[in-house]
Every structure is written in C-alpha cells, then in structure tokens.
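Welcome! Below is a short tour of one model, moving from a single helix to the ligand shell and the nonpolar core.

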Amino acid sequence: MSSTGSVTGSSGFGELLLLGKGSDLSSERGVSCTGELPPSSAPDLVERAEKARKDLGDRAMVLGHHYQRDEVIRFADITGDSFKLAQAAAERREAEFIIFCGVHFMAESADILTSSAQKVILPDLAAGCSMADMAAANQVDEAWKSLEKLGATQGTIPITYMNSSAAIKAFTGANGGAICTSSNAERAMRWAFEQGEKVLFLPDQHLGRNTAVLKLGLKLEECVLWNPWKPQGGLTELEIKAAKVILWRGHCSVHGRFSLANVEEVRAKVPGVQVLVHPECQYDVVKSADVVGSTEMIIKTVANSPAGSIWAVGTELNLVKRLAASNPDKKILFLDKTICYCSTMNRIDLPHLVWAMESLAAGKVVNQIKVADGIARDSKVALERMLALP
Ligand code: SF4
C-alpha cells in the first residue's frame, strides 16, 4: 500500500508535531496537509464546503461512514458501513474522485473495488483503525510460518474481517481464504469449514469468537487466542492442533469496552429496556444482549421497532446520537456513557473535508489512497470469494 499527496517526511523521535503541520511516519500515516488547513473556528466553513462540493459536482462522490461526525455526514452523498460504501463507490464509475469520510482500510477497499481511473481520497491520512493496526502484515506472515512449521496450515482457512489492511486481505486471498463483514461472518465461517477443518480468524477476536461459539455452536475451548507478540502465538503445539478456530488477538477499541456490568446495570435501572449491540463487543456482552447485529442491522432494528420501545445501544456514539435524533418516538440510551467516539474515525472533521474538496476543485489531488497492484489483486480474490458466498 502506498499513499500519495500529503506525506512530507519523518520527524525525529519524540518530536512534538502541531496538528496539520508536519508528519511522523514512524507513529502515524502522516498528519500534514499541503497548503492551509482551515481552522475549525473559521465561521465560513460550511459555506466553503458547500461551494467546493458544488464546484466538484458529479466528478466527486462523498461517502460517509455511520460513525462520522454530523458536520461531515451532512455532506455525504451516501452513508453506510464500510462494505456498503465500498460497493457504492464501485457502482459510480463516472465519479473521478471518491472522497471517503471513514478510515484508512475502508479507503483501501474502495480503491481495490473501483476502476483505475477513479481516485480515492481520505481527507486525513491519520484516520486509521486501531483494530486493523493490531494485525501487521509481518506479524501475520510470521504467524503463518509458525503454523507451517507445525504442519498446521494444511486445512487451515483464513477468514479476515473487512476491518483490516489491504495487505492482510491479500494474505487471505493468497492462502485460500475469504473476507467477511459483521453481517456475513457466520456464512464465511461455515464456508471455511467446508473447505478445511480449522479457521484462522483475523483480526477481531470478539467477532471470531462470537461467530464460532454463538452462531456455529463450537465450544469456547475450541477457540484459542494467537498473541502476535509471543513466540508461536503464546500457544503450545497441542493447543494449536486441537483448536477449531485460531483467533487473532485484536479488538475494536470502541466496541471492546462495553462490559457485562453495563448490560446488568441498564437492565436493573431501566425497566423494559432491550440491549442491542454490535458483534465486535466482548463474548459475555453479546451473549447477554437481546439483539446483536451489524451497524446497518442496528439502524434497521431501531427504525422498525414500535413507538415507545426502549433500547440501550452498544456501538459508536455518533451513530447512537443520530439514532436518538431520528427516532424521537423511542427511547435510545447509550450502553455505557463513559465510552466515547471512535477517535481515529473522528480525525476526519469539517476543516479536513473542506481542505480536501477545495484542493480537488483547484485541480490538486491530495491524500490519494492507492493500493499496490499485487496487493490489490490478491485482496480482490478474497473479496470476491466473500461476494460469491451462498
Ligand atoms: S469503531 Fe473500532 S473497528 Fe471501527 S474504525 Fe473505529 S476502532 Fe476501527
């Protein structure tokens, strides 16, 4: 993967960087913006965004992930989860620029699925995903080599969650595996068990465990956790060989924080409440919830519920706030009020969107996300296997 446009070079270790001025490639994918990033206090930001959007017209398509800030979502042509947005980008062949208000792995997927004439733009290159970052390409390669040494790759099918870098998707494609989303993880895992006898699930341990145990009926002890920071994943040869599912030790820093105590507390305090959570939450939270589903399913579940319903929702806060605003006839609570927004997703703000759109309108391509050809080819194989799932 390579990104072009705004990265200006690495600074010295420990050097403090002013946001928007300079970059530290050893810690982030770059935070600099060429030219002037408008201050967030600029009174004409909305006007500037409206003008730049109008100037770009049909040449651009703005995609907004459900977890984005309101100030950004209002400029999105389409809102959705990561897969829906990548598909939307692939369908609009005439749009020269896909301005992706999401995180890095989502922009990569959009680049893989769009035509070579289209350019995918991430308004802030520092908008990454902590879960995707928990599975680095070299760590996954080392893990696979360790499994190979034990003769354990034969019959092991990698299933990789959409929330992963293009390099990990490419590893999956090259090794007979498929990508999954939070809506089709069960189908993908069943398919994998038709191809082999063991699954390596990357990078979200919670989605992997919840799917294996709560959907496929495997036992908890048939799932083992691969710690990429320990030799041989911190597992014995016997544990690896006996496991049905090897879970990568990654998690979402937002959803992973909801706890069983949150569920018990809301049930004790709010009579009639139903708990609705995302499958990236921990096993005991998902097991005790009333309804579990992807972001799209959470939105539909609330929208289709009768007036007067009370929901405690365990997902990203921007989305929960919008759910409350768009369902005034229902009571929408946040499952844990101490949990905040997805901080990396929220790096995309109105100043960055304005800067990106004005630059593109002025003929300057900034923050383009371009996946290297070989990686894109193997990733596409894994994505297409997912699309072909029954
Ligand atoms: S909510 Fe979690 S999985 Fe989604 S982008 Fe943020 S850190 Fe990544």
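Which residue with a positive phi follows α6? It is Gly-151, with phi near 70°. Please keep in mind that this is a predicted model.

Let's look at α6 itself. The helix runs over residues 137-149, and its 13 residues reach 19 Å from first to last C-alpha, close to the 18 Å expected at 1.5 Å a residue. Val-140, Ala-143 and Leu-147 are buried in α6. These residues lie on the same side of the helix because they cover an arc of only 60° around its axis. In general, residues three or four places apart in an α-helix point the same way, because there are 3.6 residues a turn. Turned away from the buried side of α6 is a face that carries the exposed residues Asn-138, Lys-145, Glu-148 and Lys-149.

The buried residues of α6 pack against the elements in this table:

| Partner of α6 | Residues |
|---|---|
| β6 | 156-161 |
| α7 | 166-174 |
| β8 | 198-202 |
| β9 | 223-226 |
| α10 | 237-242 |

Next comes the ligand. It is surrounded by 13 residues, the closest being Cys-129, Met-131, Cys-252, Val-254 and Cys-342. Sorted by class, this shell has eight nonpolar, four polar and one charged residues.

Finally, the core. The largest nonpolar core has 115 residues, and Ile-98, Ile-99 and Phe-100 have the most contacts inside it. Helix α15 (residues 350-361) gives the largest share of this core, seven residues. Leaving aside residues up to four places away in sequence, Ile-99 touches Ala-60, Val-62, Leu-63, Ile-121, Pro-123, Ala-356 and Met-357.

Key. Residues numbered from 1 in each chain as written. Predicted model: local features only at pLDDT ≥ 70, side-chain atom pairs only at ≥ 80, totals over all residues. Helix = DSSP H or I, 4+ residues; strand = E, 2+ residues; numbered from the N terminus. Expected span 1.5 Å × (residues − 1). Buried ≥ 20, exposed ≤ 12 C-beta atoms within 10 Å, placed from the backbone. Arc of directions from axis to C-beta. Contact = placed C-beta atoms within 7 Å. Near = placed C-beta within 6 Å. Nonpolar A, V, L, I, M, F, W, Y, C, P; charged D, E, K, R; others polar. Core = buried A, V, L, I, M, F, W, Y, C linked by C-beta atoms within 7 Å.
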